[in-house]
Amino acid sequence: MSKQILKAYKIRLYPTEDQQIFFAKSFGCTRFIWNKMLNDKIEHYRETKTELKNTPAQYKTEFEWLKEVDSLALANVQQNLRSAYSKFFKQGSGFPKFKKKGIKDSYTTNNQKGTVSVTQSSVKLPKIGHIKAKIHRSINGLIKSATISKSPSGKYHVSLLVETMVDDLPKTHSNIGIDLGLTDFITLSDGLKVANPKFLSKLEIKMAKSQKILAKRRLVAKTQQRKLSESRNYQKQRLKVAKVYEKITNARKDFLHKLSFNLIKNHDVIAIEDLNIKGMVKNRKLAKAISDSSWSTFTAMLAYKSEWYGKELVKIDRWYPSSKTCSGCDHVLAKAELPLSVRSWQCPNCLQSNDRDINASINILNQGLRCLKNKTVGATGLA
Ligand SMILES: [Zn+2]
């Protein structure tokens, strides 16, 4: 089966100095209009207890320089603000926050009949024209929108959202259970363990070192009563930290993309625990390992890729005792019998020896398959 999906392509941009100025203006204007509209909404509500329906156009007479940037960028701010409000009211998300300069500098524009397009070496954007770019792969399909961003280390990217077609991947008649772990990144029900990549831990050591130096330089500037923005040594180091951080983020994303794609490609049903990541990160000891290993990103990738490629992802209830159940005979250990430090155990009932994580992933697969079977009769979690 072939289906239409929205795929994001991230492309590195190399803007000229003038183009950089245009981008800086656009980031500034979208941030300004977000903060201004949000502030006016809050004040209006305080005074009248009703919602203010403001638009960017209303502000263009008072703040004429808003006319210099792409009006679609401003329109997208209005839309994002609206959806942030509705998330707050309907889904219980946090109240929309004010934006700060230098943090997630970006703006989004739309393609209107070719106003956004890609050549072999450039990306064309509304109001500014062609920007030099590094195009790695061809982009097939209709470009819907473009988000231009500047990273803390000063790199520019555009993320293009493209309407494109994907085909189902061939069925393999193989199913797999995944146990998300701390020792290994994942353990599979076929016995394979995938470690956290080594280069990541190397980069993390480098990161810790450069952050230490940064902290020292901050202290030096403070004792010399200099502003951080004027301390050249501090700024140089800040850039270094930002660069290492971006390297880590990119390498990790790349690792997760490849891993999730291979699992989807090689198996028809993929069973995984539905972890409450937020709840687990509260536990301090586990926090670093969990956020580092990016389980939520990985699970999200599995979810959309299984949909794209015609495979099935089953999330099983996180209360299912996947570690404590013997995959050989379904005997369940008492909680005290299996502390986290125990990596393998022998079942007191059937005497099977169980590797903690492989045993868990086999249980996750079996439970996932049971859930799938019960889906038709409306069961969701436990079988
Ligand atoms: Zn057993």
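In the predicted model, helix 1 (residues 17–48) packs against helix 2 (residues 71–90) at an angle of about 40°, and the two axes are 9 Å apart. The crossing of these helices is right-handed. On the side of helix 1, the contact is formed by Ser-26, Cys-29, Thr-30, Ile-33, Trp-34, Met-37 and Leu-38, and helix 2 contributes Ala-73, Leu-74, Val-77 and Leu-81.

Leaving aside residues up to four places away in sequence, Val-158 touches Ile-11, Leu-13, Val-123, Ala-146, Thr-147 and Ile-148. In soluble globular proteins, nonpolar side chains tend to be buried together.

The protein chain is divided into domain 1 (2–167) and domain 2, the latter built from two segments (175–199 + 241–375). Taken over C-alpha atoms, the centres of domain 1 and domain 2 are separated by 36 Å. Contact between the domains involves 5 residues of domain 1 and 5 residues of domain 2. The side of domain 1 that touches domain 2 comprises 3 nonpolar and 2 polar residues, and no charged ones.

Over the whole protein chain there are 8 helices and 14 strands. The C-alpha trace spans about 80 × 60 × 55 Å along its principal axes. Of the 383 residues in the protein chain, 25% are buried. Among contacts with a separation of 6 or more, 65% are between residues 24 or more positions apart.

Asp-184 is located in the loop between strand 8 (175–180) and strand 9 (186–188). Because 16 other C-beta atoms lie within 10 Å, Asp-184 is classed as partly exposed. Its contacts, not counting residues up to four places away in sequence, are with Lys-193, Val-194, Ala-195 and Asp-357. For one of these, Val-194, which is 10 residues from Asp-184 along the chain, the C-alpha atoms of the pair are separated by 6.0 Å.

Backbone geometry was also examined in the loops. Most residues other than glycine have a negative phi. Lys-104, a residue other than glycine, has a positive phi near 55°. Lys-104 is placed in the loop between helix 2 and strand 2 (105–110). Lys-104 has 12 C-beta neighbours inside 10 Å and therefore counts as exposed. Leu-351, likewise not a glycine, has a positive phi of about 70°. The loop that holds Leu-351 runs between strand 13 (344–346) and strand 14 (353–355). Leu-351 also counts as exposed, because 10 C-beta neighbours are found inside 10 Å.

Methods
Residues are numbered from 1 along each chain as its sequence is written. Axes are lines fitted to C-alpha atoms, for helices over the stretch in contact, and angles run from 0 to 180 degrees between N-to-C directions. Helices (H or I, at least four residues) and strands (E, at least two) are DSSP runs, numbered from the N terminus. A crossing is left-handed if the near helix is turned anticlockwise from the far one by less than a right angle, and right-handed if clockwise. Two residues are in contact if their C-beta atoms, placed from the backbone, lie within 7 Å. Domain bounds come from an automatic or database domain assignment. Ala, Val, Leu, Ile, Met, Phe, Trp, Tyr, Cys and Pro count as nonpolar, Asp, Glu, Lys and Arg as charged, and the others, Gly among them, as polar. A residue is buried if 20 or more other C-beta atoms lie within 10 Å of its own, exposed if 12 or fewer, and partly exposed in between; C-beta atoms are placed from the backbone.
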